[in-house]
Amino acid sequence: MPAKSLNTRSMIFTLYGDYIRHYGNEIWVGSLIRLLEPFGHNEQSVRAAVSRMSKQGWIAARREGNKSYYYLTDIGVKRIDEAGKRIFKLRPTHWDGKWRMLIYTIPEEKRHIRDELRQELVWSGFGMLESSIWITPNALEKETQAIIDRYEIEPYVHFFQAAYNGPLSNEQLVQSCWNIDDISARYNAFIQAYSKKYVVDKEKLKNHVMSDEDCFVERTKLVHEYRKFLFVDPGLPEELLPEEWMGKHAAALFADYYRLLAGPANRFFEKTFASENDLSHRSEAYDELDHPYMV
C-alpha cells in the first residue's frame, strides 16, 4: 500500500468531477473506498472525508438496505460542473472589453465569512484590486450572484460592469491584481514534470506494460494536479495574456496525456463501479474518450 500523500477529501472531489458525475452522480461508499485504495487512503479516512463533505453540503446520502450511496447535492453539481468547464477549457476565451467589479463591506456580525468569501472569489477568478474591491474581465455575473446568495450578503455588496480608462493599460491592471509571472512559472513546472511522464507512459502503453489500474491512478493524479490551477489561474481572456502564455502549452499537454490514459482508466473505473452501482445512467457525452467539457 503506497503512503498517503493526497488529501482524501480533495481526491473524492476529483473522482466525482472526472468520473462519478458522468455515471449517474452517485456511488456506493464501498466502491469509493476501493477506488481510493491505490492512493493509500483507507476506509476510515474515506468515511471521515465523506462525513465532512456531507456536513458541508457538497454531497448527501441515500440508504438502500444496509448500503450507503452518496450523490452530489445541487450545490455540489454546480461546483463540479463549473470546475470541469474550467479544467477542460483548452483555449483562452475572447474578451468583451468589460471589467466586472465587486465591492463589499462585510459587517462585524458576519466577519466569520470574510476569509471564506475571499477564497471563493479567488477560486472563481477574481483578483483583488484593493481591500474589499475585486475585479475580473470574465463574464461571471451568474457565479457572482450565486456567491452573494450563498453567503447572504446582498445588502453589503455592489456589482458593476465598467471600462478601464487608465492611467495604466489593461495589461498593467492585470499585473497589479495577479502575479502572472508566478502563474506562468507554475505552468512551466507542470510541463517539465508531466511531459516526461507522458513520454514514459506512452511507451508503456505501446509495450502493453501498463495496467488499466495504473492508467486510472495516473489519470486521476494528472487531473488532481492540474485542478490546482483553479486556485491560482483566473482564466484570463486571450487579449490580456502574454503572447507566449505557458498556460496554453500546459493545457495542450494535459489534453494529450488525458486522452492517452482515458480508455484503460475508464475500464478500470467501470469494472470497480459496476459491482454495486448502476452503469445505465452513464452520460452519453462520456462515451467518447474526450471529457464532455473538453473544448
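A: Buried means a relative accessible area under 20%, exposed means over 50%, and partly exposed lies in between. The model discussed here is predicted.

Q: Is E64 buried, partly exposed or exposed on that scale?
A: E64 has a relative accessibility of 44%, so it counts as partly exposed.

Q: Which residue does E64 form a salt bridge with?
A: In general, side chains of opposite charge can pair when their charged atoms come close. Here the partner of E64 is R62, and their closest N and O atoms are 2.8 Å apart. R62 is partly exposed as well, because its relative accessible area is 30%.

Q: How many salt bridges does the count come to?
A: The count comes to 19 salt bridges. One of them joins K228 to E225, with 3.1 Å between the closest N and O atoms. With a relative accessibility of 28%, E225 counts as partly exposed; K228, at 42%, also counts as partly exposed. Elsewhere, salt bridges with shared partners link E26, R62 and E64 into one network.

Q: Why are E218 and K221 separated by about one helical turn?
A: An α-helix has 3.6 residues a turn, so residues three or four places apart point the same way. E218 and K221 both belong to helix α9 and lie three residues apart, which means a separation of about one turn. Their side chains meet in a salt bridge, at 3.8 Å from N to O. E218 has a relative accessible area of 16% and is therefore buried, whereas K221, at 32%, counts as partly exposed.

Q: What span should helix α4 have, and how far apart are its end C-alpha atoms?
A: Helix α4 covers residues 74–87, and its 14 residues at 1.5 Å a residue should span 20 Å. The C-alpha atoms at its ends are 20 Å apart, so expectation and model agree.

Q: Which residues of α4 are buried?
A: G76, V77, R79, I80, D81, A83, G84 and I87 are the buried residues of this helix. Among the elements that cover them are the strand β3 (67–72) and the helices α1 (8–18), α5 (114–124), α6 (141–151), α9 (212–226) and α10 (246–273).

Q: In what order do the four strands form the open sheet?
A: Strands of a sheet pair through backbone hydrogen bonds, either parallel or antiparallel. In this open sheet the order is β5-β6-β4-β7, with antiparallel pairing. β5 (127–130) and β7 (157–162) are the edge strands, each pairing on one side only. On average, neighbouring strands are turned by 30 degrees against each other, direction ignored.

Q: How many bridges join β4 to β6?
A: Four bridges join β4 (residues 99–104) to β6 (residues 133–136), and the two strands run antiparallel. Within this pair, M101 of β4 stands opposite I135 in β6.

Q: Which strands does α5 lie across, and which does α6 lie across?
A: Helix α5 lies across β4 and β6, at about 175 degrees to β4. Helix α6 lies across β4 and β7, at about 175 degrees to β7.

Q: How many disulfides does a search of the whole structure find?
A: A disulfide is a covalent bond between the sulfur atoms of two cysteines. The search of this structure finds zero. As for individual cysteines, C177 counts as buried because its relative accessibility is 14%, and C215, at 0%, is buried too.

How values were computed:
Residues numbered from 1 in each chain as written. Predicted model: local features only at pLDDT ≥ 70, side-chain atom pairs only at ≥ 80, totals over all residues. Heavy atoms only, no water. Expected span 1.5 Å × (residues − 1). Buried < 20%, exposed > 50% of the residue type's maximum accessible area, 1.4 Å probe, protein only. Contact = heavy atoms within 4.5 Å. Disulfide = S-S within 2.5 Å. Salt bridge = Lys/Arg side-chain N within 4 Å of Asp/Glu carboxyl O. Pairing = 2+ DSSP bridges. Axes fitted to C-alpha atoms, helices over the stretch in contact; angles between N-to-C directions.
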